Structures are given as structure tokens and as C-alpha cells.
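Let's take a walk through this protein together. Keep the 3D view open and follow along as we go.

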Amino acid sequence: MIKVENLSKKYGDLVVLKDISTEIKKGEVVSIIGPSGTGKSTFLRCLNLLDQPSAGSISINEENVLNKKTDVAKIRQKMNMVFQSFNLFSHLSVLQNLTLAPIKLKGLSAEDAEKKSMDLLRLVGLAEKAHNYPDELSGGQKQRIAIARCLAMEPEIILFDEPTSALDPTMVSEVLSVIRRLAKEGMTMVIVTHEMAFARDVSNRVFYMDQGLIYEEGSPEQIFDTPQKERTKAFVNRIRNLIFNINSQDFDLYGINAEVESFCEKQFLTKKLRDHLLLLIEELLIIYKPFLNDLAIQLTIAYSEKNEALELISESDGDKFNPLESEKLPDDIGLNLIKNFSSKIHYAWENNKNTFTISIKK
């Protein structure tokens, strides 16, 4: 139903989308997730030609929408869009907001347009608000009206640009319920969303976008349970990282501790977990210290909000080297402390990279 080939978008020297190619079939629900600023909304706006692509092609039902002879207004009737900011006409009643486009663009009579609009208001649970004005509605009600207005044009495809981001958390579920119903009825939808549980529940496929690319795509089970790429893993597990590059025996332990404490406070980690982490870092650096004139390590603290798991990871390039098995260990005290405060210790050597991971007990 939608075919995109080598799509790119630039604003001057800023590249927002990079050579995107994908297909979306009739009846599919595709959710697009990813960090802010990675081109998700721009991708939707290019599909609907609200932003003109810099290169590539877009076909809707095998019709090239970038062809100068294409009737863009007609395409937009088939592929409508729901924005995060509602975009309702404040001077018109709810019913008038719904009937305006069908009367003006599709030539429906006022009577037929009103009848259809009332049916759609019942669909979204807001028939009683037909004669109210947008300013009299809550954010969740406004968004449901925006969806009903979109449906009034009988689109084949609906694009949702973060439909719940402007809503109070208490109002999110009422909007998502309407979208779930449309999904069950077979509406083709592309949804940019930060609601991970919703994306998992409603989608046939999920796109994870990063740096202007569809970085990884797959079923909800693959993306949320077994993502294949590191950035996807970090995003879906909501992993927060703090990284130190250490290449000298004269490292600043006090400075490291201060940054670690600040990181722990931001993640609302318990004092017990923070103390364990600080102790593990100190003991690990003592073990590494004799080697730091010839060895550089990257020390990463990784906290997963999803799993509430805290890991301490050290990486170094070069020959195989497990610091806990070194003959130069100063004593067994540090080694025993690391083992006591760890739920799991894992060492791997691949492609001349040593990776040493400590999972910290809660």
C-alpha cells in the first residue's frame, strides 16, 4: 500500500532522513519508535508531502506521489494524518469540525455529512459533545475528535504523529483505546509513538529509527524481547549509560565517584546500590591499575529502567586479558569483594576486544 525507496530529507546541510526504503501493506499497523530528533515525524510528513523529500520515491497504491502530475489533495484524502496538537478549528463546533471537509472536498450534503459525523462521534464515545466547542473539551477528548475528523474523510491510511504526547497521562488510555479499535477493524496505520506497551500491543511491525535511518525493524516480539542491534537494545530497555575512558594510573577517583553519585541520584537508585557500585568501581580500578600504563579501558555504568538492572562494564582492545585472573592481583580482598557484591560476572574476548561485565546485586 505504501512503498518508499531511497527516501532522504535535508534541511540545508542537516541530513534528517538517510536513504530509507520500506513497504507497508494494506491492513498493517506499523509503529515507529526511537529517540527524539531521529526523523520519525519528518518521515510521516514526507509520506503525506507536508515536507517535500530531497530524494527518493514514495508510492501509494502504486501511484508515485512525487510525480508533478499527481493530485496531492486526492492522495491526502486517502492518507490522512492525526497530529499531536489536535489542529481543531476553535471557532467551529465539534460537529462542524467533522462535517467541513466532507462537504467542501467530497461534495456530501449537510444532512449526510452530519449523519456520518454523528456515527463517528459515537465510535469515539463523544456524541454528547457534538455541539460543544474545542475549548470546552479535555485534551483526550480533543484528540478523539481529531481522529473522528480524520475518519470522516474515509481514508485508507492514517498517519499518527505522537497522538498522545500532548496529553495528561490520565487521558492517554482513552485515545489509545480508539486507535486499538481501528487496528482491529483493519485500518492501515503508521504510528509514531513513545508508548512502548501500546506499540507492542497494537502493531504488526515496529520500526526503530535512529540517526535518520530505520535502524532495525521486526515484529513487536523481536524488537521488544530480542532486539538484534545495540542501540535498539539500549532504547527498548531504557538503558542509561555513564562512560569513563581511563588510560593512565593517575585517574581521578574522586572525580569518578562524584559523577557516579550524580548519575545514581538521577536514576533514583537506592543508597545501598550506589554504595555497592562505588565500592566495585574502586576495587576494579585497583586491580586494573598495574596495567594502565600499557592498557586503556572504557568503563561503563549501564542502568536498565525496564529491568532495574545495574551493570559495570569494562572494555579494552588487545590480547586476551581477564583482570580477575591476572597473576598481578594485589591480593584476594578486592576479588572477594567483587564476587560478594555481584550477581553475575561475565568475561568475553571477541575480535581483539576484552569485555568484562559485572551485574551488581540489588
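**A guided walk**

Let's start with a charge and a ring: the charged end of K9 sits over the ring of Y11, 4.8 Å from its centre. Keep in mind that this is a predicted model.

Next, have a look at two helices. Helix α5 covers residues 139-151 and helix α6 covers residues 169-184; they pack at an angle of about 20°, and their axes are 7 Å apart. Angles under 35 degrees count as roughly parallel, so α5 is roughly parallel to α6. Their crossing is right-handed. Which residues of α5 meet α6? Among them are G139, G140, I147 and L151, and on the α6 side you'll find V175, V178, I179 and L182, among others.

Now on to a sheet. Five strands make up an open sheet, in the order β11-β12-β13-β15-β14, and the pairing is antiparallel. Its edge strands are β11 (239-246) and β14, each pairing on one side only. On average, neighbouring strands here are turned by 15° against each other, direction ignored.

Let's zoom in on a couple of those pairings. Strand β12 (residues 297-304) runs antiparallel to strand β13 (residues 309-317), with seven bridges between them. One spot to look for is Q298, whose bridge partner in β13 is E315. Over at the other pair, eight bridges join strand β14 (residues 342-350) to strand β15 (residues 353-360), and these two are antiparallel as well. How many residues lie between β14 and β15 in their hairpin? There are two, and N351 in the turn has a positive phi of about 50°. While you're looking at strands, remember that side chains in a regular strand alternate between the two faces of the sheet.

Helix α11 (residues 271-288) lies across β11, β12, β13, β14 and β15, and it runs at about 150° to β15.

Technical notes. Residues numbered from 1 in each chain as written. Predicted model: local features only at pLDDT ≥ 70, side-chain atom pairs only at ≥ 80, totals over all residues. Heavy atoms only, no water. Lys NZ or Arg CZ within 6 Å of the ring centre and 35° of its normal. Pairing = 2+ DSSP bridges. Helix = DSSP H or I, 4+ residues; strand = E, 2+ residues; numbered from the N terminus. Axes fitted to C-alpha atoms, helices over the stretch in contact; angles between N-to-C directions. Parallel < 35°, antiparallel > 145°, perpendicular 65-115°, else oblique. Left-handed = near helix turned anticlockwise from the far one by under 90°. Contact = heavy atoms within 4.5 Å.
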